Amino acid sequence: MDAFSRLGLPRKLVIDSGMLDQVIRGISKVAHPDAGGEARDFEEVRKAGEVLKSPPGRLRLALELAGGDLDPRGSVDGQVMDFFAPVAGLLQKVDGFVSARWASRSALGKAVLDARVPSLKTEVECLIGGLGELEASLVERFGQFDESGWEACLSSMAETARALAFVMKWQAQLRAATGKLFEALLGG
Amino acid sequence: MNEVIVGIDLGTTQSAVAVVDSGFPILLADEEGSRLTPSAVWYGEDGALEVGRAALRRSGVEPVVTSVKSLMGRRLSEVEGRLTAEGKIQTKGGEVSPEEVSAEILKRLKVIAETRLETPVTKAVITVPAYFHDGQRAATKKAGELAGLDVVRILSEPTAAALSYGLDRLGENSRVAVFDLGGGTFDVSILEMREGVFEVSATAGDTKLGGDDFEVLLAKKAAQVLSFDFEGGDDLEKVRWLDESRRVKHALSEDDRVTFRMPFTGECEILRLDFDAWMGPYLDRMESCCRRAMLDAGVAASDLSAVVMVGGSSRIPAVKQRVASVFGRDPDLSQHPDEAIARGAAIQAGILAGTVREVILLDVTPLSLGIETMGGLMNVLIPRNTTIPCKAGELFTNAVDGQRSMTVTVLQGERELAADNWKLGSFEVAFEPDRRGQARVGVEFRIDADGILSVLARDVSTGRDTVIEVGSAAVDVHEAKVEQMVSESIEFAFEDMHARVFEEARLKAEELLPAVEIALEQAGEVLEPEVLSEIKASRDGVLLALESKQAQALKSAVEALDQSTETLAAILVERATASLFSGS
């Protein structure tokens, strides 16, 4: 589906998020089943909104529309690969902690584990922050792609899309890790 | 369209029915002029029945069914003895299901509405906690049907409260949090309200946390002081203690000391200071939910323009204080804690009836939906906080040649392991016989605007669509049997009862002993000398008991160590919580 045309937007990678929200809201208002819209239309609008709101989703769509190919096995920036080991290591650490916490049987055992949560949480936030900076620098390239015309930047767009895919996946995993820490604490 | 649709708040403790009249949502009063109906039902012999205040008048003297909401859509394993093996409630008038009890309350509300509006009422919007899973929502819908109502929407309570709050502020654009603490459930939702669109960004909660828990806590503390065995009391005795506990709980919101009185047993003074301290763990859980919701919504407390509090238990001063500290602002108390949700339900009813036009509600599913994989993990198909209605598809293929079908188990929850999540049910995917990997069946999971799941299977080769029944009744019936089987097998695995007791105690000791060392290192210096020596003595007791290999001795020694380290554990948790929740 061409999400750009579905939402009546021009084919530009650089989108103002406030404006995008407003557009989605306006269409949802009419397309929602409660307003008399068709469930299928609402689902399309929801999906189109999801694609355009996410930078890699947007970029992948642009690549597709311009006739390019993502080539998932292609090379990825060294900057991105530098995050690979720290992210994997931290995720494992959190998983280990969470299993131990759930398996814990005594109030003191749980308390001793809980004492580690603040520092774990800080580590996760630090890494998420670093990835956020990297994401921002990758998204900055979008303006260039729009200016030069998508067809002229296919391989650069593909490389950026691959990099963003990793970055977003890791951010999601790290955010989920924070959630897991909360769940383990809440679990009692 | 002139058909009237009412909005109903089916609460744990109280219920209400409301409707939009000339643009204003109003609650409808019963023949005594009361807008709130207690969620209580009394069953007598020969079909005698009373609902509401009339039922409550018999409380403590005869069994009255209360807080039935906490039994709706629950599995037997979740409700510790409140239900029979068939999932029913025992009453003088026979066995009834939770849905049937809720239906009696709904019937009463229906009558109130019909009397006030002087017209038949057949359609309703009914609210549920945002965090209710599929089974709980379906049970609520079923209760409505039993009451003779067409339930046109199941609506989340915090969203309803937001509608009530936002209806007078349609010109403003804002982001708010709604904190809803009721009798049995807690929800927190983050919403954006812009140009008449109410959009839920994220929601979190606990369907087993509410005013009822604080009452039990108070009763137990008072019982301790008055040397009464609360756990061992009979049902009616417990109800009398809980009724007094409720009175004291309410009074503590006004006074800082209240006398707890039980005739023939005694009285004791309860200080608000102490009650606030006992509330600590519950407040921490609520705080965690609030932080989780803000995290999911991608907002900080400073991004919100208000935090709206609703629900009877939101009146408790300790709760208001915690909300103020978590969100960095005084809570908005403009909405009537007991009436806002019914008003919101009426507004949504008005939207569906076409009488309220300027507003549209975009709600979300609160729990991730997924399926169980071969390795016993959960594979998420629809993540939590996805706007509803929504759908997701998955393709299934045959693992072996000629395979006729496979069982798919559907789950809701956030845990990694399938077994730790809530099992919605299972269904069979049928394959056309083919070589492995060749048969293709696409399954579409749809969550409707009620937050309820329906499943559609499409055979890719034949193009045939089949609506799939996700069987949860089957799962439930087997569960009791499975539990029995599992406990029996454990019995047989440990022929020697002593060996089992010793093993359990040993595992706990193995965890506790190193934990004690670490904890003493981190916080030993702030302990009173007597507490410190008690801990050391009980630790040595455990070491001795481990040597002795005596099951009972080890069990008692471990329990003693557990108890002596309670204060130490509390100090560590307080430190961790303080540093975890500061500055974010």
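The expected span of a helix is 1.5 Å times one less than its number of residues. Keep that rule in mind for the first close-up of this predicted model.

**Figure 1. A look along helix α8 of chain B.** With 18 residues, α8(B) reaches 26 Å from its first C-alpha to its last, close to the 26 Å expected at 1.5 Å a residue. Which residues of α8(B) are buried? They are Tyr282(B), Met286(B), Ser288(B), Cys289(B), Cys290(B), Arg292(B), Ala293(B), Met294(B) and Ala297(B). As you trace them, remember that an α-helix has 3.6 residues a turn, so residues three or four places apart point the same way.

**Figure 2. Helices α4 and α10 of chain B pack against each other.** Here α4(B), residues 157-166, and α10(B), residues 340-353, pack at an angle of about 80°, and their axes are 7 Å apart. Angles of 65 to 115 degrees count as roughly perpendicular, and the two helices are therefore roughly perpendicular to each other. On the α4(B) side, the contact is made by Glu157(B), Ala160(B), Ala161(B), Leu163(B) and Ser164(B). The α10(B) side brings Ala340(B), Ile341(B), Arg343(B), Gly344(B), Ala345(B), Ile347(B) and Gln348(B). Sorted by class, the contact of α4(B) with α10(B) holds seven nonpolar, three polar and two charged residues.

**Figure 3. Helices α13 and α14 of chain B meet.** How are α13(B), residues 529-548, and α14(B), residues 551-564, arranged? They pack at an angle of about 160°, with axes 8 Å apart. Angles over 145 degrees count as roughly antiparallel, so α13(B) is roughly antiparallel to α14(B). The crossing of α13(B) past α14(B) is left-handed. Among the contact residues, look for Ile535(B), Val542(B) and Leu546(B) in α13(B), and for Leu554(B), Val558(B) and Leu561(B) in α14(B). The contact of α13(B) with α14(B) divides into ten nonpolar, four polar and two charged residues.

**Figure 4. Where chain B touches chain A.** Chain B puts 39 residues into this contact, and chain A puts in 30 residues. Which element gives the most to the side of chain B that touches chain A? That is α15(B), with nine residues. By class, the chain B side has 21 nonpolar, six polar and twelve charged residues.

Conventions: Residues are numbered from 1 along each chain as its sequence is written. Chains are lettered from A and ligands numbered from 1 in the order in which they are written. This is a predicted model: local features need pLDDT of at least 70, side-chain atom pairs count only at pLDDT 80 or more; totals for chains, interfaces and linings use all residues. Axes are lines fitted to C-alpha atoms, for helices over the stretch in contact, and angles run from 0 to 180 degrees between N-to-C directions. Helices (H or I, at least four residues) and strands (E, at least two) are DSSP runs, numbered from the N terminus. Angles under 35 degrees count as roughly parallel, over 145 as roughly antiparallel, 65 to 115 as roughly perpendicular and the rest as oblique. Two residues are in contact if their C-beta atoms, placed from the backbone, lie within 7 Å. Ala, Val, Leu, Ile, Met, Phe, Trp, Tyr, Cys and Pro count as nonpolar, Asp, Glu, Lys and Arg as charged, and the others, Gly among them, as polar. A residue is buried if 20 or more other C-beta atoms lie within 10 Å of its own, exposed if 12 or fewer, and partly exposed in between; C-beta atoms are placed from the backbone. A crossing is left-handed if the near helix is turned anticlockwise from the far one by less than a right angle, and right-handed if clockwise.
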